[in-house]
Amino acid sequence: MKCFSRYLPYLFRPPSTILSSTCHTEADIISTVEFNSTGELLATGDKGGRVVVFQREQESKTQPHRRGEYNVYSTFQSHEPEFDYLKSLEIEEKINKIKWLPQQNAAYFLLSTNDKTVKLWKISERDKRPEGYNLKDEDGRFRDPSTITSLRVPVLQPMDLMVEATARRVFSNAHTYHINSISVNSDLQTFISTDDLRVNLWNLEITDRSFNIVDIKPANMEELTEVITSAEFHPQQCHTFAYSSSKGSIRLCDMRQAALCDKHCKYFEEPEDPSTRSFFSEIISSISDVKFSHNGRYLMTRDYLTVKVWDLQMENKPLETYQVHDYLRGKLCSLYENDCIFDKFECVWNGSDSVIMTGSYNNFFRMFDRNTKRDVTLEASRENSKPRAILKPRKVCVGGKRRKDEISVDSLDFSKKILHTTWHPHENIIAVAATNNLYIFQDKVN
Amino acid sequence: MFPKGTKRKFSDSGEEPVCSGDQGPSASPAAARTLSSSYSLQRQSLLDMSLIKLQLCHMLVEPNLCRSVLIANTVRQIQEEMTQDGTWQIMTQALAAAQCPADRLVATEVLCRQTDAAAQAGQSPKPFPVSGLEEGYHSEEVVMDGDVEAEVTMSSLSPVSPQLSSASYLPGPFGMAPCWEEEEEDGDCEEDEEEDSEESVSEEEESEPDHLRADSRTGEQVFGTFEIKHPAPPPDPALEELFSDVDPSYYDLDTVLTGMQSTPKMGPYDLLESLSSHAPTALSSSSSCRSDLNELDHIMEIIVGS
């Protein structure tokens with residue numbers, strides 16, 4: 001595939017800070033990555049509640065090779081660990097999702113969420129400061145008014161660029177269960193936050209009120225067999241959103257129909273293949289991520305072994321199904337035992353909706369070209385990627401003779417999983433989170 | 001010991017674990033199926049594993065509801081299949097015959113947990129509705145075999161000596177801890193094969209004099225509780241392996257925190273006392289004790305807000 005023939009890896013690892021005595025690197029585990037709508041900024045959230053924002057270097061004639069590199073722009077602590085006194089349980093500060101708002105002025109806005117609380121952050125630059133106050137000295141001390149003999153007008157003087165992040169809104173106390181996703185509406189005024197059983201609609205300006213639009217909590221919790229795993233607004237239709245469930249179904253809802261969108265407009269589910277049925281069938285059918293295509297015509301879902309592309313007009317089966325790591329099908333029992341079967345992989349579209357990408361184990365990630373039907377497996381690891389080197393496609397050998405460059409299923413490292421990836425909205429630049437390392441790859445076609 | 005019938009497809013393939021998905025089409029009538037011992041062993045170990053998973057939740061953070069739901073659905077699926085195969089019945093009967101509650105490993109499938117004092121006093125074969133909660137409760141129809149004691153014991157589980165009490169979840173006031181219904185009454189289990197015999201076996205727990213246990217039951221719904229009273233005579237080596245790296249003191253912490261959850265009046269020192277009294281054979285090593293105390297200190301710090 002010509003498109004992916006060359007990748008220039010850029011490696012970044014956030015400084016490890018000791019936040020807890022037991023495991024000093026666990027707080028650095030990246031839990032979400034997201035490009036903003038122009039691709040100029042890339043945000044990452046980690047388990048320690050921090051958000052690190054990267055900004056793309058501007059093109060420069062003197063250093064042409066540095067174009068497109070992302071450097072740290074801002075770092076701030078978004079969420080702190082909390083303690084729920086009522087339940088005697090900790091609320092993790094881990095950032096589950098970050099979503100950018102489209103830029104409307106000089107400042108940048110993003111929503112970040114942990115299990116319980118969504119926050120709106122404003123990231124703004126300050127490169128001037130006023131100097132020449134009448135009542136204050138340059139170092140800030142107050143002057144005695146009686147000593148002032150003349151008045152002057154303060155003047156804005158340039159200063160070193162400072163990027164500051166301030167929390168503008170805090171949307172809290174609306175979720176009993178853990179928030180798994182947030183999605184900004186195309187109207188840019190509202191957003192939804194989704195937990196295991198409910199979807200809530202918020203106005204970005206109003207923090208003390210939210211509307212519950214989906215509630216699948218049964219009257220009796222004993223009857224609970226299905227939870228919501230993800231939800232997203234349609235990219236163009238501000239009244240449409242979709243949510244996925246742990247049983248492998250997706251529901252499309254129209255908010256105009258009723259205040260409570262418990263009745264779906266469309267219901268997407270593929271009937272189960274009886275020949276592959278096992279005790280794990282339901283678990284591996286649980287959808288971990290749902291994403292609308294940029295053009296709004298398709299939906300992509302990720303379950304444990306596959307990625308599926310659905311046409312919004314066809315509910316009974318997906319348009320395309322891609323096997324991510326089907327060689328794991330024979331290992332489901334062990335993966336159940338070590339809990340890997342519950343890993344929630346994300347999936348992502350490229351800007352033109354022609355390629356989809358998702359992660360796997362052993363720091364592998366996969367890309368599928370929908371047009372040519374070709375796919376590639378790449379690895380995000382420092383050992384295999386030197387800066388500016390081309391990424392070599394990887395292959396997992398499923399049985400029989402293993403060729404030289406192949407890796408056998410049994411040698412896969414299941415602790416190295418790529419759950420979070422994001423694709424630049426216009427260009428072939430991808431960001432891949434491998435535990436506590438962030439890899440940014442780009443395609444240089446020349 | 002197992003009901004007769006035709007062989008299940010792929011069930012005798014020794015290499016591949018049956019539970020990994022190589023099962024034949026599930027359309028064959030229940031009566032015509034034979035369970036090979038390896039398949040049923042695999043299934044049993046899967047069931048045990050699932051129940052353990054439900055039990056061992058993360059103490060300090062709320063358990064992941066999605067994961068719990070998926071595991072519970074798996075357990076339900078296994079139970080249904082075992083019920084259809086008749087294995088469930090056999091297991092129940094076999095273990096009921098073994099009497100002597102003090103010497104048994106009791107794993108109780110929970111539909112509705114009863115918290116009546118009367119029920120705790122002894123074993124009665126009737127199912128009990130769950131104690132009233134904010135959520136209301138669901139009194140369910142149960143088909144019980146007449147003289148079968150309402151208990152299911154997992155004899156194949158290798159016991160860990162400390163007692164495990166209740167709580168697979170730390171419950172919340174909003175009924176966060178789900179109580180799973182074993183089978184839907186209206187038969188809407190998708191996993192069901194043609195069989196539509198809805199046999200729900202409602203279990204009750206062994207009575208336990210411990211006040212912690214009683215307290216932790218109130219206001220809480222639990223699925224799959226293990227009560228490990230005393231070591232059962234023949235430990236299963238395969239399952240012992242499963243438990244070999246499980247730290248016994250971890251279970252005590254579970255107890256302790258459950259107690260803390262439901263009886264907030266207890267201070268940390270009360271908990272330490274109950275910890276030591278609750279598990280007679282545990283805490284053999286001082287290091288595990290120390291780690292528990294560290295955990296408690298950590299928790300207390302959080303509560304105190306330091």
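1. A residue is called buried in this note if its relative accessible area is under 20%, exposed if that area is over 50%, and partly exposed in between, with a 1.4 Å probe and protein chains only. On that scale Trp310(A) is buried, at a relative accessible area of 1%, and Phe268(A) is buried as well, at 0%.

2. On conventions, this is a predicted model in which local features need pLDDT of at least 70 and side-chain atom pairs count only at pLDDT 80 or more, whereas totals for chains, interfaces and linings use all residues. Residues are numbered from 1 along each chain as its sequence is written, chains are lettered from A and ligands numbered from 1 in the order in which they are written, and side-chain values use heavy atoms, with hydrogens and water left out.

3. Chain A has two helices and 32 strands, and buried residues make up 54% of its 446 residues. Chain B has nine helices and four strands, which follow one another from the N terminus as β-β-α-α-α-β-α-α-β-α-α-α-α; of its 306 residues, 56% are buried.

4. Contact, here and below, means heavy atoms within 4.5 Å. Of the contacts in chain A with a separation of 6 or more, 53% are between residues 24 or more positions apart, and the corresponding figure for chain B is 79%.

5. Which aromatic pairs deserve a look? Rings of Phe, Tyr and Trp (its six-membered ring) pair if their centres lie within 6.5 Å, and planes under 30 degrees apart count as stacked, over 60 as edge-to-face and the rest as tilted. Over all chains the structure holds 19 aromatic pairs. The pair of Phe241(A) and Tyr243(A) is stacked, because the ring centres are 6.5 Å apart and the planes lie at 25°; both of these residues are buried. The pair of Phe268(A) and Trp310(A) is edge-to-face, because the planes stand at 75° with the centres 5.9 Å apart. Since Phe268(A) lies in strand 19 (residues 266-268) of chain A and Trp310(A) in strand 22 (residues 306-311) of chain A, this pair ties together parts that are 42 residues apart in sequence. Ring pairs also link Tyr304(A), Phe345(A), Tyr361(A) and Phe414(A) into a cluster.

6. A charge is taken to sit over a ring if NZ of Lys or CZ of Arg is within 6 Å of the ring centre and within 35 degrees of the ring normal. Within chain A, the charged end of Arg370(A) sits over the ring of Tyr298(A), 4.7 Å from its centre. Between the chains, the charged end of Lys53(B) sits over the ring of Tyr336(A), at 5.4 Å from its centre.

7. In chain B, the axes of helix 1 (residues 37-55) and helix 2 (residues 65-85) come within 9 Å and cross at roughly 145°, where axes are lines fitted to C-alpha atoms, for helices over the stretch in contact, and angles run from 0 to 180 degrees between N-to-C directions. Among the residues that make the contact are Leu47(B), Leu51(B) and Lys53(B) of helix 1 of chain B, and Ile71(B), Val75(B) and Ile78(B) of helix 2 of chain B.

8. Asp48(B) is found in helix 1 of chain B and is buried, with a relative accessible area of 0%. Its C-alpha atom is separated by 8.8 Å from that of Val75(B), 27 residues apart along the chain.

9. Asn173(A), which is not a glycine, has a positive phi near 60°; Asn173(A) is found in the loop between strand 11 (155-171) and strand 12 (181-184) of chain A, and is exposed at 76% relative accessible area. Lys373(A), also not a glycine, has a positive phi of about 65° and is found in the loop between strand 26 (364-369) and strand 27 (375-379) of chain A.

10. Finally, Ala167(A) lies in strand 11 of chain A and counts as partly exposed, at 42% relative accessibility. Leaving aside neighbours within four places in sequence, Ala167(A) is in contact with Leu120(A) and Trp121(A).
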